[in-house]
Structures are given as structure tokens and as C-alpha cells.
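Let's take a walk through this chain together, with the model open beside the text. A few regions will be picked out in turn.

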Amino acid sequence: MMKINEEAVCEKKSSLRVVSTSPLAAVAAPAPSHPIASPRAPLPARGDRYADRSHLAGEAGKEKDAMGNCCSDEVGHGAGRHSVGPAASVAEAASAAADRFLRSRGAGASTQIELSLSASILGDQEYFSKSNPMVIVYSKSNDGALEEIGRTEVILNSLNPSWNAKINLQYQFEVLQPLVFQIFDIDPQFHDVSEKMLKLEEQQFLGEAICNLSEVITKQNRLLTLKLGVSEHNLPNPSKSGELTVEAEESAGSKALMEMVFHCSDLEIKDLLSKSDPFLLISRISENGTPVPICKTEVRKNDLNPKWKPVILNLQQIGSKENPLIIECFNFSSNGKHDLVGKIVKSVAELENMYHSQDGENFFVPASTAHDCHSKEVLKSQVFVEKYLENNRHTFLDYISAGCQMNLMVAIDYTASNGNPRLPDSLHYIDPSGRPNAYQRVILEIGDVLQYYDPAKRFPSWGYGARPIDGPVSHCFNLNGSTYQPEVEGIQGIMSAYISALRNVSLAGPTLFGPLISTATAIASQSLTNNQQKYFILLIVTDGVVTDFQETIDAIIKASDFPLSIVVVGVGGADFKEMEFLDLNKGGRLESSTGRVASRDVIQFAPMKDVHGAGISVVQSLLAEIPGQFMTYMRTRETQAIS
């Protein structure tokens with residue numbers, strides 16, 4: 001287990017726990033050590049076909065006391081206990097909009113991967129000498145088009161080559177990343193030609209392999225061996241196509257973390273009827289001089305002297321401690337047109353010096369004079385670095401390659417507001433042509449990504465808001481019709497069980513999330529007692545607003561103590577404004593009926609009809625938060641999943 005090295009920096013009187021600001025960043029807070037684990041044992045339940053599973057909800061609370069209470073307010077602000085309702089929703093919605101602003105300016109979550117390649121028993125297509133192999137690696141888009149990522153060097157006279165050249169690419173958890181590897185035998189007459197200049201149509205094809213990047217990084221040693229195929233090529237010796245071994249290594253820069261706490265003084269009032277609502281946006285400067293956003297803080301409501309949660313950057317994001325960063329302070333606006341309060345340009349090394357000297361830096365804004373576009377106006381407002389720490393830590397991919405699995409759970413809305421499934425205007429209509437409906441699209445898009453992180457591919461699947469034949473309305477029933485076991489085999493198993501349940505239940509209502517979340521939490525709780533390494537993602541697809549408002553909040557807050565994240569996707573044309581309270585990772589906190597607050601952010605919501613910039617789908621934007629929530633859980637619990 002790795003902890004922040006407090007001796008590496010000067011002692012400070014105040015400190016904050018680290019809060020994730022990007023999916024591969026982390027949170028570190030002292031807490032009782034507890035291993036992450038999960039079972040796949042049958043759950044003790046009774047009942048008839050499509051029996052209500054919500055009676056399991058009470059089991060989750062028993063495990064909590066053994067793990068300790070991680071509820072805490074934000075230091076120095078008393079902001080940790082936002083009440084539920086409109087006041088809390090305003091702050092959360094503001095930060096949610098600021099997040100969309102960050103994404104609209106090109107920010108994304110990724111980490112750099114290096115691929116090492118080797119092959120064995122390659123087909124020898126030459127009669128008088130061995131082959132001279134080279135690998136070309138492509139990414140494959142949704143339409144099947146190939147884009148070259150990189151090439152290895154040529155290895156002379158070898159049927160078992162191990163290439164030295166590394167293939168660099170960005171890993172993104174939230175999307176499938178299909179890769180195509182093609183091996184060619186390079187003709188000796190071209191050996192003096194640079195690999196990049198070689199024309200592949202003049203070379204002999206030896207074989208091809210295809211995989212997703214997630215298939216490689218989920219292996220415990222990040223090493224995957226693939227059979228080379230030759231079916232589409234006319235080869236002299238097709239029976240000896242051989243094997244290709246792909247090994248992935250995460251960039252060392254992604255493990256070198258820098259944690260900083262910023263606060264400002266005397267910010268300018270931008271709003272007419274209230275104080276400013278500031279947030280910081282941090283960008284690096286690209287080679288062509290344009291800013292590339294890498295991180296943002298939460299929005300602080302009505303605060304001219306704000307202090308934000310810690311920001312965590314890694315060396316990969318910034319390139320070097322000497323590279324300049326642009327730190328902009330914006331006043332949040334609900335229409336998305338945020339006002340620039342001021343900005344500074346400093347490298348991480350200079351920010352570290354600001355921490356040690358405790359000197360503030362004055363914000364500036366571009367001067368309003370039209371004749372000099374390079375002039376600037378210095379403001380009295382200042383920014384300070386209150387805390388600075390450096391450390392190397394395990395990353396999300398470290399935990400995954402060490403054997404931690406991620407298990408998808410699915411819950412589908414069977415309330416009557418979806419419409420008659422037999423009619424084409426129903427959200428549950430099954431098109432004979434095979435075109436997926438809204439529910440199927442969400443399940444497929446999320447399932448296609450997450451299935452590779454669970455080798456067994458057995459997914460608990462429930463329905464809610466329906467009336468089983470000759471039974472009362474159930475708010476958590478097994479889709480497969482089993483009394484005891486909610487799991488189905490693979491993504492297609494979810495789809496089949498979903499369609500089968502449509503024929504065996506009557507759509508009813510109301511829309512309740514509390515029983516679903518509590519049942520999922522019970523499974524996550526049971527996983528801890530079995531001491532297996534697993535993290536759960538509950539996908540809830542709904543066509544309407546929840547009616548058990550407080551019960552849902554109570555269940556969310558209880559779930560925050562367990563290895564569980566919740567993704568809620570709204571489908572159809574309903575007004576989902578009232579659902580924004582669900583998104584806890586936008587800077588707010590919800591309070592339970594007993595006064596507890598969530599120990600971490602575990603849930604996010606978005607309607608499918610929302611449009612995100614830069615080609616990012618709604619589902620991708622929600623999945624992008626999962627690694628950060630996972631790391632928050634692992635680090636707040638001081639988990640020892642990696643020895």
C-alpha cells in the first residue's frame with residue numbers, strides 16, 4: 001500500500017484529503033484497511049418466478065460497521081454536508097456544467113501505453129532464406145477503417161522475432177479500442193529504405209491478428225498471445241502462420257503524481273446579485289501553442305476567497321515540471337458562457353516554489369485596448385498554492401493487471417410509462433429488423449466495454465416497476481426468471497433475459513431506485529467477506545424520474561462504503577431535470593435521513609439525448625468516471641490489493 005510521503009514536503013498546519021479530479025487520479029485518506037473482494041455465491045432468497053429481490057437490502061448495512069465510517073466534511077468550508085433538494089442541486093448542476101465545459105474544450109481521460117511485440121513460428125514464405133518480418137499496428141474505427149498507429153523495425157532472417165521498437169498509444173477505459181496487427185516479410189532489396197517509407201503492397205504478407213486493447217491490459221501480466229490469421233491472403237505456406245505476443249506497459253509518467261491545493265483572495269465580483277461562483281481550469285500548452293485542458297476544480301458557490309479540493313496531476317499530463325501551465329479562474333454561468341476572472345501562467349516547478357515561499361501570484365486578464373493584443377491587465381486578485389506533494393502511486397491499470405475484476409450489473413425499467421411493448425412507439429418495442437431500442441443500445445454500448453474486465457462474464461440482471469404474473473408489483477426481480485440467481489451469461493444473455501421478461505410481466509410502476517441500489521450493495525458487501533478482488537458497476541436504465549427520492553439517497557450513501565459505482569442513463573423524451581441530484585461527483589454531497597453524507601462519489605446520471613462535444617457519447621462520458629471512483633475507493637480504504 002502506498003501513502004503520500006509527508007516527509008518529502010514542509011509541514012503544514014492544515015491539510016485536505018486528496019480528491020480525484022480526473023478518472024486516473026486518486027483520493028488518499030486514512031481509513032481502516034480492508035481488502036476489496038467479491039463472491040459469486042448464490043444469494044439466499046425465496047420467492048416465485050420474477051420474485052422481488054429487495055429484501056436483500058438490509059444485509060448491506062451489516063458490513064458497514066466493520067469497515068468504519070468515512071463520512072467527513074470538507075476541511076475549512078463546512079461544505080461536506082449539503083442538504084438535499086434545490087440548494088444542493090444548484091451546486092451540483094453548476095459543477096456538472098463546468099465538467100461539460102472542460103470536455104467541450106478537448107479534455108479527456110487517458111493514459112499512455114507502450115506495446116512490445118514478439119512472434120513465434122512465423123510462416124516461412126521464402127524458399128532460400130528465412131523471413132525478414134516487420135509489424136504494422138492499426139486502430140480500427142466503428143466503420144471498419146484502419147488508421148496506422150506505428151511500425152516496428154525489420155528483423156533479418158528470423159521466424160521468431162522480438163522487436164525492439166515500442167508502439168505508443170493512449171488507453172481510454174470508456175471506449176473499445178480495436179487493434180489490428182499485420183506482419184510483412186520485407187524484401188531484401190528494400191533493406192536500405194526507412195520502415196516508414198516501405199510500400200506494403202510490395203512486401204509479402206505473413207499474417208494478421210486482431211484484439212481490443214482492454215484484452216491485453218486486463219491480463220495479469222498484461223501479456224496476450226494471438227493466433228495469426230491468413231485467410232484473406234494467398235500465401236505459399238498458410239498452415240504456418242504462427243503467433244503474435246502483445247505486451248502492454250503503462251508509461252512511468254502516469255505514476256508520478258503531483259497534488260496541489262489552490263486558494264484565491266479578493267476575486268472580482270462578476271454577478272450582479274451575488275458573489276462569484278469560481279472554478280479553476282488547468283491547461284498545458286501544446287507544441288503548436290494552443291492550450292489543452294487537463295484538469296478542473298469544482299465550482300465554489302458565492303465565494304470571493306475560494307479554497308478548492310486538491311488537484312492531482314501526473315507527469316504524463318504535463319510532460320515536464322518545467323513546462324508552462326495556464327491556470328484560468330472562471331465565474332460559472334448556467335448558460336455555459338463562463339466569465340474569465342483572471343489567469344496565470346506557471347510551470348509545476350514554479351507552483352512548487354510558490355508553495356514553499358507562500359507568496360501569491362496576481363491574476364491577469366488580456367488588456368481591453370485594441371491596439372496591443374499582447375498587453376495584459378494585472379489584477380489585485382491572487383492565487384496561492386496552499387499544499388504541494390509529490391509521490392509515485394499505483395494506477396488503475398496496476399490494480400486491473402494485478403487481478404482486480406470489474407463486474408457489470410444491469411437494472412431495466414419496466415414501468416408503464418415506457419408504452420405497450422407491442423407497439424412501435426414504445427421504448428421497449430423489439431424491432432423485427434434487429435434494430436436495437438434505446439434500452440438495448442445503452443446495454444450494448446456499456447456492456448461491450450465492461451465485459452472484458454470480468455473473465456467469467458456473468459452479469460446480475462434485474463427489472464423493476466413491473467407486475468409478475470399473478471403477483472404484486474416488484475421493484476427488483478431477476479430478469480432470467482430464476483428464484484435464487486440473478487446472473488446471466490454474457491451481454492447476449494442480458495439481451496435475451498430482457499426480451500423474455502417483457503413477455504412474462506405486466507408494466508406497472510412507480511419508479512423506485514432504492515431497492516435496486518440496496519440489492520447491488522448487498523452483493524458488493526458479500527464480496528468483501530469472501531475476500532475476492534472485485535469492483536461492481538450497477539447500470540440503471542430508466543425512462544422517468546424516481547419517486548423514492550430520500551430512499552434512493554439513503555441507498556446511495558450506504559453504497560459509497562462498498563466497492564460499487566452506479567451509472568444511471570435516462571432514455572426517452574422525459575424531462576430529467578429532477579434527476580440531476582443523483583450526480584454526486586460534481587462537487588456536492590447528499591445527506592441521508594440519518595444525517596450521513598457519502599464517503600465518496602459513486603453515482604452519475606445523464607439522459608441519452610444529451611449531446612457531448614468532441615465526439616464523446618453520453619455513455620462514454622459516464623464510463624470515463626469509473627476509474628476515478630474505483631481509485632477513490634481503493635485509496636480511501638488503504639486497500640492492499642497489490643502487494
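Which residue in E4 is the bridge partner of Thr-111? Tyr-171 takes that place.

## Before we start

This is a predicted model, so to speak a calculated one: local features need pLDDT of at least 70, side-chain atom pairs count only at pLDDT 80 or more, and totals for chains, interfaces and linings use all residues. Residues are numbered from 1 along each chain as its sequence is written, and side-chain values use heavy atoms, with hydrogens and water left out.

Thr-111 and Tyr-171 belong to a pairing between strand E1 (residues 111-120) and E4, which run antiparallel over five bridges. Strands here are DSSP runs of E with at least two residues, helices are runs of H or I with at least four, and both are numbered from the N terminus. Two strands pair if DSSP finds at least two bridges between them.

The open sheet has four strands in the order E4-E1-E8-E7, with antiparallel pairing. Strand E4 (167-171) and strand E7 (223-227) are at its edges; each has a single partner strand, so one side of each lacks a neighbour in the sheet. From one strand to the next, the twist averages 30°, using axes that are lines fitted to C-alpha atoms (for helices over the stretch in contact) and angles that run from 0 to 180 degrees between N-to-C directions.

Strand E9 (residues 256-265) is mostly covered, with nine of its 10 residues buried. Buried means under 20% relative accessible area, exposed means over 50%, and partly exposed lies in between (1.4 Å probe, protein chains only).

E9 is joined to strand E16 (residues 376-392) by 10 bridges, and the two run antiparallel. Within that pairing, Phe-262 has Val-385 of E16 as its bridge partner. E9 also runs antiparallel to strand E12 (residues 311-314), with four bridges between them; here Leu-257 stands opposite Asn-314.

## His-428 and helix H7

You will find His-428 in the loop between strand E17 (405-413) and helix H7 (438-450). Is this histidine buried or exposed? His-428 counts as buried because its relative accessibility is 0%. A polar atom of its side chain lies 2.6 Å from the backbone oxygen of Asp-413. Such a polar contact is a pair of N or O atoms within 3.5 Å; within protein, one must be able to donate a hydrogen and the other to accept it, and residues adjacent in sequence count only if both atoms are side-chain atoms. Leaving aside residues up to four places away in sequence, His-428 touches several others, including Tyr-414, Asn-437, Tyr-439 and Leu-507; contact means heavy atoms within 4.5 Å.

Asn-437 also caps the N-terminal end of H7, with a side-chain oxygen 3.0 Å from the backbone nitrogen of Tyr-439. The buried residues of H7 include Tyr-439, Val-442, Ile-446 and Leu-450. Among the elements covering the buried residues of H7 are E17, helix H8 (490-504) and strand E23 (534-542).

## Cysteines and Phe-205

How many disulfides does the structure hold? The count is zero, taking a disulfide as a pair of cysteine sulfur atoms within 2.5 Å. Cys-211 is buried at 2% relative accessibility, and Cys-404 is buried at 3%.

Phe-205 sits in strand E6 (residues 204-212) and is buried, with a relative accessible area of 5%. Its C-alpha atom is separated by 9.9 Å from that of Met-134, 71 residues apart along the chain.
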